[in-house]
Amino acid sequence: MSLGLMTPIHPKWDDFLDRLEGPDGCNFRDVVRNGKKDSTWDCDNTPNRPIARKHLAALGATSQEIEQSLGFFHAFGGHCDCEIAFNVQDSFESYMGRGRRRRNP
Ligand SMILES: [Zn+2]
């Protein structure tokens, strides 16, 4: 069975984000820089988004579903792996929120 289009309303979205942000993904972590707590992560800053591709494939996405999901992420601000974690859910929810307000002014 294939995965379908990965979006914030997909049943495996949280699982996907956990993998994307975790040690086998961008590996978001706290560090100390110049005596101050900071955070860091790994991202190649390219639209190829190898980490997202890897985890979509691991979750069972077909290559076509991977391309479609990456297109969706791009439309909602996920232009590289870390931006998927930072932007997609928030911009998707604000997009959906605006839609609701337009229907019920
Ligand atoms: Zn990035």
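Start by selecting helix 2 (residues 50–58) and helix 3 (residues 63–75), which pack at an angle of about 135° with their axes 10 Å apart. Axes here are lines fitted to C-alpha atoms, for helices over the stretch in contact, and angles run from 0 to 180 degrees between N-to-C directions. That angle makes helix 2 oblique to helix 3 (under 35 degrees is roughly parallel, over 145 roughly antiparallel, 65 to 115 roughly perpendicular, and the rest oblique).

Before moving on, a note on what you see: this is a predicted model, where local features need pLDDT of at least 70, side-chain atom pairs count only at pLDDT 80 or more, and totals for chains, interfaces and linings use all residues. Residues are numbered from 1 along each chain as its sequence is written.

Next, show the side chains between the two helices. Ala52, Arg53, Leu56 and Ala57 of helix 2 meet Ile66, Ser69, Leu70 and Phe73 of helix 3; two residues are in contact if their C-beta atoms, placed from the backbone, lie within 7 Å. By class, this contact of helix 2 with helix 3 has six nonpolar residues, one polar and one charged (Ala, Val, Leu, Ile, Met, Phe, Trp, Tyr, Cys and Pro count as nonpolar, Asp, Glu, Lys and Arg as charged, and the others, Gly among them, as polar).

Now zoom out to the protein chain. You will find four helices and two strands, in the order α-β-β-α-α-α along the sequence. Helices (H or I, at least four residues) and strands (E, at least two) are DSSP runs, numbered from the N terminus. Finally, the C-alpha atoms fill a box of roughly 50 × 40 × 25 Å, taken along the principal axes.
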